[in-house]
Amino acid sequence: MAVTTLAPAPKPPTANSPLAAAYARLGEVLPGLRVSEVGAGSGLPEGDGWAHTTELAAGGDVLDAFLTWDEEQVRRDYGTAARPDVVASFGLHRYAWPATLLITIPWFLLRRVPRLPVDAVAFHRATGRLAVRPSTFACLPDDPAAALPGARVVPHEEALRGAVREAVAEHMGPVLEGFGPRMRRGPRALWGAASDEITEGLWYVGGLLGEERRAIEEAGLLLPGSTAPYPRGAGFRELTAPDGTTLPTRDRASCCLFYTLRPEETCVTCPRTCDAERIERLTTPR
């Protein structure tokens, strides 16, 4: 029997990495998501539960094994089997939500936008670890990191937002092609799902950082409406609670299909969830 040599777990980002502070802060507020950087010319970790994003995008055996985790989780947690397209939708969400944060959080915290094509990322499903091998990053002219190797200086904030949209599209495009046939959705619905992952990931982590309002505003500027390939904008709006306070909400561009397992339960941002129910759920102590 051949012996498989496992690559060691990647080391944490080095202090001189232009992205290190953002990834470290993300790990502080969201301990279940750990990001490690791999140096240029080094290989991404392999074996022992690691999946390269290029392998997921290929849509073959690695993706099948990846989705088996979701299939087994549904059986374990809900005592029923999910349709194959539902399993694939869950799997895409559980990859895309953290993957988009790899790009949006350095932008949100540091105004630096890494370029991370699919061959620069690996995901460890069981632990939530991500390994990245960034090469270049976009930043503003007054950023001290503008003089570093790999920096690509853009003239203003809107150009930097364009770099975010481009970086996410470059990464997610092949991933959506890999998952798409299993999800049985067309390109518009798939890119709608990507829009949701960008928006809701940034919104959630912004709240953990104590900057929910800024995260909502930034997401609205990042996705102001239909901006190819994203079919819809962030779509935030406000509801009014019985005591007069405002409650932020949005309507998802795609459906997570959780209702197929629990028809009586919908996401608070699901278009099926009426505003009265949203207000009740957002104001009821848990």
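In the predicted model described here, Gln 73 touches Tyr 78 and Arg 94 when residues up to four places away in sequence are left out, contact being defined as heavy atoms within 4.5 Å. Residues are numbered from 1 along each chain as its sequence is written, and side-chain values use heavy atoms, with hydrogens and water left out. Because the model is predicted, local features need pLDDT of at least 70 and side-chain atom pairs count only at pLDDT 80 or more, whereas totals for chains, interfaces and linings use all residues.

Gln 73 is placed in helix 3 (residues 61-78); helices (H or I, at least four residues) and strands (E, at least two) are DSSP runs, numbered from the N terminus. With a relative accessibility of 6%, Gln 73 counts as buried, where buried means under 20% relative accessible area, exposed over 50%, and partly exposed in between (1.4 Å probe, protein chains only). The side chains of Gln 73 and Arg 94 are joined by a polar contact of 2.9 Å. Such a contact is a pair of N or O atoms within 3.5 Å; within protein, one must be able to donate a hydrogen and the other to accept it, and residues adjacent in sequence count only if both atoms are side-chain atoms.

Helix 3 as a whole comprises 18 residues and reaches 26 Å from its first C-alpha to its last, close to the 26 Å expected at 1.5 Å a residue; the expected span is 1.5 Å times one less than the number of residues. Its buried residues are Leu 63, Phe 66, Leu 67, Asp 70, Gln 73 and Val 74. An α-helix has 3.6 residues a turn, so residues three or four places apart point the same way. The elements covering the buried residues of helix 3 include helix 2 (53-58), helix 4 (84-110), strand 4 (121-124) and helix 5. Gly 79, with a positive phi near 65°, follows helix 3.

Helix 4 contains Asp 85, which counts as buried at 7% relative accessibility. The side chain of Asp 85 makes a polar contact of 3.4 Å with the side chain of Arg 184. Beyond its neighbours within four places in sequence, Asp 85 is in contact with Arg 182, Met 183, Arg 184 and Leu 257. Arg 184 lies in the loop between helix 5 and helix 6 (187-208) and is exposed, with a relative accessible area of 65%.

The largest nonpolar core has 69 residues, of which Leu 92, Val 113, Phe 179 and Val 205 touch the most other members. A nonpolar core is a set of buried Ala, Val, Leu, Ile, Met, Phe, Trp, Tyr and Cys residues joined through side-chain atoms within 4.5 Å. Helix 4 gives the most to this core, with 15 residues. Leu 92 touches Met 172, Val 175, Leu 176, Phe 179, Met 183 and Ala 193, not counting residues up to four places away in sequence. Another core, of five residues, lies apart from it and includes Val 38, Trp 50, Ala 122 and Ala 131.

An open sheet of three strands shows the order 3-6-7 with mixed pairing. Strand 3 (112-114) and strand 7 (151-153) stand at its edges, each with a single partner strand, so one side of each is left without a neighbour in the sheet. Direction ignored, neighbouring strands of this sheet are turned by 30° against each other on average. Strand 6 (residues 137-139) and strand 7 run parallel and are joined by three bridges; two strands pair if DSSP finds at least two bridges between them. Within this pair, Phe 137 stands opposite Ala 151. Helix 5 (residues 157-183) lies across strand 3, strand 6 and strand 7, running at about 20° to strand 3; axes are lines fitted to C-alpha atoms, for helices over the stretch in contact, and angles run from 0 to 180 degrees between N-to-C directions.

Strand 8 and strand 9 pair in the antiparallel sense over five bridges, with Pro 248 in strand 9 as the bridge partner of Glu 238. Five residues lie between the strands of this hairpin, in which Gly 244 takes a positive phi near 95°. Four of the five residues of strand 9 (residues 246-250) are buried, so this strand is largely enclosed by the rest of the structure.

Most residues other than glycine have a negative phi, and most peptide bonds are trans. Arg 184, although not a glycine, has a positive phi of about 55°. The peptide bond from Ala 228 to Pro 229 is cis, with omega near 5°.
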